[in-house]
Amino acid sequence: MNEVMKPHCDQEFYDLLEKLQALDFTLVELNLYLDTHPEDLNAIKQFNQLALERRNLADHFQKLYGPLQNFGHSFSRYPWEWVNVPWPWQV
Amino acid sequence: MNYCPRPQQLSKSACKGGIDLNFTQEKTYTPFIGPFDPCPPILTKTFSTPPQLYMRFQPPNLPQFSPQEALRHGTLWPALYSPYESRWGKGRQTNE
Amino acid sequence: MWVYEKKLQYPVRVGKCDIGMAKLLLEQYGGADGELAAALRYMNQRYTIPDKVIGLLTDISTEEFAHLEMIATMVFKLTKDATVEELRANGLAPHYVAHDSALFYENASGVPFTAAYIQAKGDPIADLYEDIAAEEKARATYQWLIDMTDDVDLQDSLKFLREREIIHSLRFREAVEILKDEQGKRTVF
């Protein structure tokens, strides 16, 4: 385990994870809404704004707790972090 | 908190979009009770009638929950929120 | 192409060691109206539906896989520390002799998942009406699951999943409105 990685069991981990889940959930909702309302400009603006906020929060989260996505959508430190941080059903 | 109260508490003009928000999310009916039923009767049965049944097409610019509230409610829009309570421990729920 | 994200869509907490509930939750794992059936149904129908609603089927299907992972998490948490005696006392002996504590795509009665649960008729209205019905049946299943437990933590996650069925149902209803709309009349927006 990389020494700079923070533990996946403290309150800060769960708080940050839920913040990310909340942003991502709002994006899911807006995404499905826009699938049937493709001309709602306000919703598109909100979607793009939240996508930006989501990216910043995910970057911060991953620096503390390791990669969220596979196949090159997240970076890794040494040793290979993907297999070394807990899975969603373990935390 | 930037959202409207539960749909059934709203008047028609309370939320934008001109959708009918005067509805209840639960309906009841009284099932037939026979003279020789072996068990004590359930006098009233209920079933869910959630908001999607009353909104043909979602109007734009409905009031929203904050992201944190949206996650906890399972939807971004209060007008589409549907509460459900477990029947566990509630017994036969006969009409008093 | 899909990219996996190492987090649940919604936090899953199980507050009570109720092993029997694991068996019941399998209805939404490998049952006729479960999350696997939903995910596979929409992901397959999308190839033969007008372009206007392909995005919706793709996105809802993808969300259903996230729900499948939430159900798996609940079942796993409830069974991972169960003894053979506890499994047997909670009706999971038949499951155990076939699978140990492994998850399996079956319903609450142990019937294995089958593609016969899902349809692709090729007719956009027939397919979307099946999808709306599937969402309402899944919503009802979540209600009956919520009724079967007094664990408020588990109820919380199940209530989230029930609400998602309501949103998906609305979106499929809107898709029908889009497809039946007369050319150029735009009555739905």
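The model is predicted: local features need pLDDT of at least 70, side-chain atom pairs count only at pLDDT 80 or more, and totals for chains, interfaces and linings use all residues. Residues are numbered from 1 along each chain as its sequence is written, while chains are lettered from A and ligands numbered from 1 in the order in which they are written.

**Chain B**

Chain B holds one helix and two strands. Their order along the sequence is β-β-α. Helices (H or I, at least four residues) and strands (E, at least two) are DSSP runs, numbered from the N terminus. Chain B has 96 residues, and 25% of them count as buried. Buried means 20 or more other C-beta atoms within 10 Å of a residue's own, exposed means 12 or fewer, and partly exposed lies in between, with C-beta atoms placed from the backbone. Of the chain B contacts between residues at least 6 apart in sequence, 51% join residues at least 24 apart. Two residues are in contact if their C-beta atoms, placed from the backbone, lie within 7 Å.

**Contact of B with C**

Chain B gives 20 residues to the contact and chain C gives 21 residues. The chain B side divides as follows.

| Class on chain B side | Residues |
|---|---|
| Nonpolar (Ala, Val, Leu, Ile, Met, Phe, Trp, Tyr, Cys, Pro) | nine residues |
| Polar (the others, Gly among them) | nine residues |
| Charged (Asp, Glu, Lys, Arg) | two residues |

**C:Pro124**

C:Pro124 lies in helix H7 (residues 124-147) of chain C. C:Pro124 is partly exposed, because 18 other C-beta atoms lie within 10 Å. Beyond its neighbours within four places in sequence, C:Pro124 is in contact with C:Ile49, C:Pro50 and C:Leu179. C:Ile49 is 75 residues away along the chain, yet the C-alpha atoms of C:Pro124 and C:Ile49 are separated by 5.6 Å.
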